Each structure stands twice: as structure tokens, then as C-alpha cells.
Amino acid sequence: MTAFWILAPIMVLAALGILFVRKAVHAALLLAVVMVSLAVLYAGLDAPFLFAVQIIVYTGAILMLFLFVLMLVGVDASDSVVETIKGQRFLAAVLGVLMVVTLVVGLSQVSFGTVVGLDSANEGGNVEALADLLFSKYVFAFEVTSALLITAALGAMLLAHRERVTPKAGQREQAEQRMRDYAASGKHPGPLPAPGVYARHNAVDTPALLPDGSPSEASISRVLAARGAVRTARADQVDEVVRQLAAPGAQTEVVDVPDLEGDEVTSASDVAVGKSDASEPGSDSTSGEGDRA
Amino acid sequence: MTELHPAVTTLITSAHGETVVPSVAEGIYSLGWLIIALPLAGAALLLVGGRRTDRWGHLLGTATAVGSFVIGLVMFISLLGEDEGARSQTQHLWTWFATDSLDVGFDLLYDPLSSLFVLLITGVGSLIHIYSIGYMAHDERRRRFFAYLNLFIAAMLMLVLAGNYLGIFLGWEGVGLASYLLIGFWQHKPSAAAAAKKAFVMNRVGDVGMSLAIYLMVVTFGSTAFTVISANNHGASEATMNAIGLLLLLGACGKSAQVPLQGWLLDAMEGPTPVSALIHAATMVTAGVYLIIRSNFIFENAPVAQTVVVIVAVVTLLWGAVIGCAKDDIKKALAGSTMSQIGYMMLGAGLGVAGYAFAIFHLITHGFFKANMFLGAGSVMHGMDDDVNMRHYGALNKVMPITFLTFAMGYLAIIGFPGFSGFWSKDKLIETAFVENTWVGLAALLGAGITAFYMTRLMLMTFFTQKRWKDPETGHEPHPHESPAVMTVPLIVLGALSVVGGIMLAGNWIVDFLAPVVGHAEHHEPPIPALALTAIIVAVVAVGVAIAWFTVGRQEVPRVAPQDVSPLTKAARADLYGDAINDTLVVAPTMSLARTLDSLDRHVIDGAVEGQGNATSGLAELLRKTQNGYVRSYALSVLAGAVILALALLAVNW
Amino acid sequence: METEPYILLSAILFTIGAVGVLVRRNAIVVFMCVELMLNASNLALVTFAKANGNLEGQVAAFFVMVVAAAEVVVGLAIIMTIFRTRRSASVDDASLLRF
């Protein structure tokens, strides 16, 4: 019973967390907490087989499947917790509270009687006892479940399978397509620019600066941009680097360079700052949360 | 009311209409059905046969009419050989329909009255068929024209040969249909199409009266057969008889263009001239007279209805005559005259037993001379490039001698020139009218004077006075010529009949011949001696002719009708405002009623129905908002349902 | 051991799962909430098995797990398919079937 009283608040909090966390991955982890806790409760309820199955099948297999799909799907606007249907959240809360109250009141009316316990039932071992039931009384249901599983597997394959309706584009076709795009819309045919490299942090999340000093969106992975994990190469940071470079110990050749480049960088950074100011409202929705994180 | 007297008690019926007691047709009379069947078959063949029959269709159409005439003639001659009591032959063809309380047979009745009509219809009809061969020679729809003519002949024969009122009604509607088809024969002319519709609609008004009368007969007598009704005409109250009589009169007014349903006849002149001659002068328009005389056993017991018939007749007689004075369209002038002459016949029919025979007599002579004059008018139009305006005629007597001479025969007949057919018939009618009522007689006398005036005017403007052929505006001048023989021969025959038609009165033959049908009147002396009365009539006619001579013949006839004329002339030119009266009294209220009902239907009834629909769709519009496509909203509903279920369980188990 | 706390926990978890289905927009998270509801019912089944001294509840919980596994396989495949065609895993975006 002690385990119950420790785990029950954790489970309720974790479950509530699923409702409020923004990222689906976090929700999956919180669900894992609930499930593992449930497994422990099963153990305490004389159900060792279910304890194992809960961990292996549910937490191990099913939740992993969830995570796989999460990775495939990636991050999109559905992660946002902003409500779009008017009154939905309020009504859901009202109904939820009403339901809890109803269930609690209703269950408190019921007397469950004394607990019999599974000692006698589990006498020859829980797994054996379950097997006895499954392969005798519930053997038909068991076989039907197998059919269900096979059907589900086939269905999943069917749904996930994508028929190729056009021939696979080879290197030649891709190159031709790129040139066609270039001819049609002037889309850049070459590779995208690499991210900026400033050697101060993981540079993959930092856009390269264009010759005019503005950051290049194309140099950043789209996923990073969607997650809002993009950093910006700010003018002051560049200035800081310049200042560090100008620090004692490296005078002779470098001194000339800051003088020369200092003007250029300053002017370029002014432009960059102006640009980032101007683009702030537009980028707010995607990268605003990234800043907070 | 339905209590029926045995037929035996009704033998004393001379004062209450003759009882129809026909014998079963045998021998030649059993061919009676063929008279109708021949033209009917002709019409069917020509209509169904289509273009294949174009080449010989007119000949077939004429042949069937002539065939009917030959059969009718043979039957008539054979009828003359019968005893007076055996001159009524009935032929039961088949049971038309039988119900629990009403059996209607397809019966034919051939008696002296029918026999005269059969001769008139088939005889004049055959002549007009022959005439039409020439008149319609250049019309590409000639075969169809002959089909319609045949259809008309068949329907008209059905009307006069029917042995019960339902049979009459069949023919009645048949001639109405044929009339509609033929007035609108030149349907490319909007005026013709409108005239056809007008005739059809106004005839329907009369038909309502006719059908109501038949219903009343079925209710009262349980039958529509002449035999049954005439045998039991004491069984019904006088009010019922008056009602039946007035309703029959309404039907007769529609068909015979009597006031107040006279408006269609003048417009009906839009049809081809042979049609005007056959249908709207000689035969169909007299169907109303036939109906009233055939129903003598009803009218003799319906004094009110009879009086109304006289009033209608007198009004129409003068009405048509006044219109005829002012019209410049030769056919419309003749149509006004027709209306007036039918008024004379109606007058005879309304005068009761004394007048029936003379009405029929006048009907037959009128059939001759009016058909003659219409065909003559057609011949004139034929020569004048289909111009109908008499003001464009003048001095045609030299270029169209045969037409002129035959037309003159008709003219002399209609004005009642002594010795000509119209003289005998009209003289007798006016005399009978004087016996009945002096005022009625005076009106009829006045009508005779006006008739003389307008017919003389017509005659002068067409055949005499100066030439006015050339159109000063377009410079077009027709070259009048005599019509071909196929047209002039019928004119000659009809002209001759117009002259000698009066022979039927020789030795009071027609009165005696018709007596078994219409009864034999006791002879009443007119208030003044008959010879003196005849002299007065001739004098009045002479005055009319003289007035016409001085106002038309001695003066220059303007090519364009003068506009500064007396109000009476204006009124007469506008058909005495008959159409305006109809518009004001019937059309306008009907239209406003229809509009009211239409808006009622549109707004109130439709509004209720559409309101229900709108309410439903409005509700649906509201409810469909719940189907927003968001699965989470649906899940919310499911959860709400679950909570409600839980609450319900809780409430039950509390 | 008492039965009631377990059942109440089960009820609370179930309700949280239900509310989660209503408020979350990510189809995968919605699915997780469905799993949470299934698990909550499993807890009740196992609890009643012990209370009644009978293993049938555990067998039922076992079947629920199997069915849940099948459901997850198919459901996630459907989510993948929708995502492939619509580039979105939001349940609100798949709302064409409406007025």
C-alpha cells in the first residue's frame, strides 16, 4: 500500500503533465512514467505476468513505436498548445471535473467488500494460472486476438506502404530537374550554403552571414528552424571576437586586419541588426519559443 | 321532381311540346350512321395519312361530303314516302356507356327536322368543299384544310342526328373544335390565332351552360334521350324546366353568337372564307337554333326561358344589324348580318310552336343565301388580292359578272325582295312576331329595314360606285378577274337556291313536314291583315334601300373611312363595345380575381409551405454548425454523453 | 489492501486521459491519451481481480493490452499516412468532413 501512496500522486501528476507539456516527446516520457508506475502497481496487485508484460510490451514496444512515429513526423504546429476551437478547453475542463466528481461520488457509494486476495489463485504460479485460463476457457478469444494482430500488422504495412507511381529520379533526372527549375524560377541550382562557422558553439544551428552581413536562412536545417533552435550571429558577438583577436599577444599582423575589417564589419553588422529587427515579427511565431527554451 | 308520368299520359302534348316516339330504323334508314362515318373517315384518313394524301386529299374530302349528301338525299326522299307518323327513325348503334342509374346509348334519330339539317349541312357543305378546291388551290396546307372541313361536317351531322343530349354535346364540342382549327387555320397570323382562341373560349362559356343543362336533365329525368325527356316533361317542375331552358339558351348563345356571347363571330372572319361561309354563316352558328327547336318539349314548359329567348333574339337581331351598317370589312359586315339573321331564327324559336317551323325555314334559306354571299365575297377577295376592305372595291359588276349576279341573288333574298327565298321566310317570322307581341314585331320590322340598308350599302360599295382599287400610297392596283369555274359553279347553285328556296313554303309544306317534331300551332290572325303586313314590310325594306342609295350610292365613297362620324357609327364600328363590355364585366374582374388568388397562392399558401421549408433549412443551418469536422468536438460530445449516462446511473441508484 | 484507492486512481487517470483527448491537437499525443485511458481501465481490472480472488480480471487486462497493441499499430500507420499527404499531424487539420 505504501508503494501505491507514493506512486499514485506521481502518476496523477505525470498524467496531468501529458495534458500541459508542449512537446510530444515529453508527453511520451511522462506516459512512460505512468506506465512503469502502473507496472509496479500490478506487481503489488499479485500480477507479476502483467507487470512484465506492461514493461516489455507497453513501455518497451508500444511507447517505442510512439517515439519512432514522433521522429518520423517531426515537429510541427500541432505541438502548439494554443486552443483553436472556441470553448473546447473550457468545456473539456468542466466535463472532466464533472466526470471525476461523478465517478468519485458514485464509487464512494459502492462497497467493494473484503478483498479475497489471489494467494490461492496464484498458488501454482501466476503465469501458469493465467496460461491455464488463456488456453482453456479463453482459448478462442486468444486465437481471435492472434488473427487481430496479424490483421493489424498487415493493415499497418498496407497503410505505410507507398506505391511508386513515377519512376525513381536518378542523378541525371535530378540534375535536369534542377536546371529546369533554375530556368523556370531562377532557383539556385547549386548546393545550399553551409551554416556559419564561428567556433563559439555548435555552428550547425547558426546561419551563415551573407556578404551584406544578413543571416542566410537557407544555410540552416529546416528542422532546426521549426524547433526554434537557431541562434543568430549577432553583430556584438562578431565585435567581441574582433576584440578578443585584438587582445595582447597577437598584434603584428592582426592589428591591421581589425582596422580594415572593423569598419566593414561594423557597417555590415548595422545592416544585419536592422534586418533582424525588421524580420522580428515574422520570425516570432517560429523562433520565439526557441528563445525561451 | 323525379316522379315520372307514364308515357301514355303525354300524348296530349301539342301545347307542351311534341313527344318523340320514333320507330326503329330499317332499310335505307339503317344507313344513317354512314352519313356521319363517311366524312369522319375522310378526316381521319387525311389527318393520319399526312403528306402522302396531299395530292388527292381535297378530292377525297369532297367525295365524302358528296357521299353523305347522296345518302342524306336518298333517305330524305324515302322519308317523304312514309306516313306522317312513321317519319321518325331511331338507330341504336351501341351502348356508349352504362352506369348503375344512367345508360347512354350511341343513338341516332332521323326525323323531319334532322333530315332538313342533314340536307343543308351536306348540300351546302359539298358545294363549299367544291368551292374550296379552287379557293385553297394555292395553299400548301390544303389537305389539312379539307380534313378539318370533313371533321366539321362529321361533327355537325353528329349534332343534328344524335338521339340524346349527350350525342348533341359530342357534336357540339366537335364543331367547336373544328371551328377553332379552321378560324386559326392561318395560324401564322396572330390575329387569326387570337380569334380562334377567342371563339373557343367564348364557346366554352356556352358549353358550361349546355353541360349544366345535361346534368340537370340526368338528375331530373335520369336520362338524356329525347324520347324519355319528351315523354316525361310533365314530371318536372316549371322552375326546373326554366333552369334547363335558360342553361340550354346559354349554350345556344355561345354557339350561335347571340348577345351576350356574340363577340367571337366577327373576329372569326379571320378564317378562310369558305369556313366563314360554311361554319360561321350556314351551319354551325345555327346549331343554337337547332338546339332550342329540338328542345321544344322543354321550352314549351318553360315560359320564362322562352321569353328570355325572345329578348335575346331581338337584342341580337338589332345589334348585329347595327354592326353590319358600319363595317367596311366585307366579311365582317356579312358576319354582322349573320348575327342579325340568327337573331331572327332565335326569335322564331322563342315564339314557340307557331315560330319553330318558320325559324327552320329561315335557317335553311339563310343557309343558302348567306353561304352564297360569303362565297361571293370570297370570290371578290380572290380577285382583289385578298383585300377585304369594301372602300377599296367599287364597280366590280363588270369584271366579275357571275359573282355579281349570284351575289345579287343572295342580296335580293336577304333583304326580302318579293319572290326570293328570304322574303317568304322573313315575312313569316315578322308576321308571327306581330301575333305574339307588337313590340317584338316592330323590332323585327325595324331589323328588316336596317338589313336592307346595310346590304344595299355593301352591294353598292362592292359592285357599283366608282373604282377605288388603286392604293395611292403604294401605287399597287389589283386586277380583278372572274374566279374559276370550280368556284363559280357552287355560286350559281347557291344563287339559284337563294331564289327558289321559298318553294318550301308552298302549300305550307315545311310547316306540315315539321309538325310531327315541333307540333302544330293553331293559326292566329295578326293584328292587321297578313297582306297589309307584307306590304308594310316591303315598304320598310324599300325605305332602307333608298336610304342606302342616297347616302352611299349617290355620293363619293372615300377610300379611307372618315373619322368624324356620329357616336352611333363609332359604336357600331367597335362592335357596339361588345368586347369592351366583356372586358369590363368579365375579363377585368376575372383577371383581378386571378391576380388576387395568384398572390394569395404565392404569398400565403406558398408562404406557409416555403416557410416550413425555410424553417427546416434554417434549423438545419443552425444544427449543421455542430458538424464542424473537428474530431475533438465530436469526442467532447461523446464524453458529455458518457457523463450524462453516469449521472443518470447515479441518479437512479441514489 | 483496500480496493477503493486503486479504483479512484483508475477513475482519475481515465478522466485525465479523456480530457487529454479533448484538449491536445497532436494526433500522437491524442493517441497517448487513449492509451492512458486503456491503462486506467487495466488498473481497475487488475484491482478487481485481486479483490475477487479471481484471475479473469488479469486475463481481461491481458487482452486489453493485445488489442491496444494492435490498435496502436494501425492508428500510428494511419497518422503516418495522413501526415504524408497533409504534412500535418494535427487532428484539427483533418476536418474536411464537415458542413
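In the predicted model, a salt bridge joins the side chains of Asp92(C) and Arg632(B), with 2.6 Å from N to O. The rule finds one salt bridge across the interface of chain C and chain B, and three residue pairs in polar contact, both residues at pLDDT 80 or more, are counted there as well. On the side of chain C that touches chain B, eight residues are nonpolar, one is polar and four are charged. In all, 13 residues of chain C and twelve residues of chain B take part in this contact. The size of an interface is often expressed as the accessible area that is lost when the parts come together. For chain C and chain B this buried area is about 1100 Å², and carbon and sulfur atoms give 64% of it.

We can now turn to the contact with chain A. Here 70 residues come from chain C and 84 residues from chain A. The two chains bury about 6900 Å² between them, with 77% of that area on carbon and sulfur atoms. Two salt bridges are counted between chain C and chain A; one of them pairs the side chains of Lys50(C) and Asp46(A) at 3.4 Å, N to O. Polar contacts across this interface amount to 15 residue pairs, again with both residues at pLDDT 80 or more. On the side of chain C that touches chain A, the elements that give two or more residues are helix H1 (4–23), helix H2 (27–52) and helix H3 (56–86) of chain C. H3(C) supplies the largest share, 22 residues. By type, the residues on this side of chain C divide into 46 nonpolar, 14 polar and ten charged.

Asn42(C) is found in helix H2 of chain C, and it counts as buried because its relative accessibility is 0%. Leaving aside residues up to four places away in sequence, Asn42(C) touches Tyr42(A) and Tyr58(A), along with Ala61(C), Val64(C) and Met65(C). Gly57(C) is 15 residues from Asn42(C) in sequence, and the C-alpha atoms of the two lie 8.6 Å apart in space.

A word on confidence is also in order. The average pLDDT of chain A is 78, and 77% of the residues score at least 70. Across residues 251–293 of chain A, however, the pLDDT is below 50, and in the model this stretch has 25 contacts beyond near neighbours in sequence.

Notes
Residues are numbered from 1 along each chain as its sequence is written. Chains are lettered from A and ligands numbered from 1 in the order in which they are written. Side-chain values use heavy atoms; hydrogens and water are left out. Contact means heavy atoms within 4.5 Å. Buried area is the accessible area (1.4 Å probe) that two parts lose on being put together, summed over both. A salt bridge is a side-chain nitrogen of Lys or Arg within 4 Å of a carboxyl oxygen of Asp or Glu. A polar contact is a pair of N or O atoms within 3.5 Å; within protein, one must be able to donate a hydrogen and the other to accept it, and residues adjacent in sequence count only if both atoms are side-chain atoms. Helices (H or I, at least four residues) and strands (E, at least two) are DSSP runs, numbered from the N terminus. Ala, Val, Leu, Ile, Met, Phe, Trp, Tyr, Cys and Pro count as nonpolar, Asp, Glu, Lys and Arg as charged, and the others, Gly among them, as polar. pLDDT is the predictor's confidence in each residue, from 0 to 100. Buried means under 20% relative accessible area, exposed over 50%, partly exposed in between (1.4 Å probe, protein chains only).
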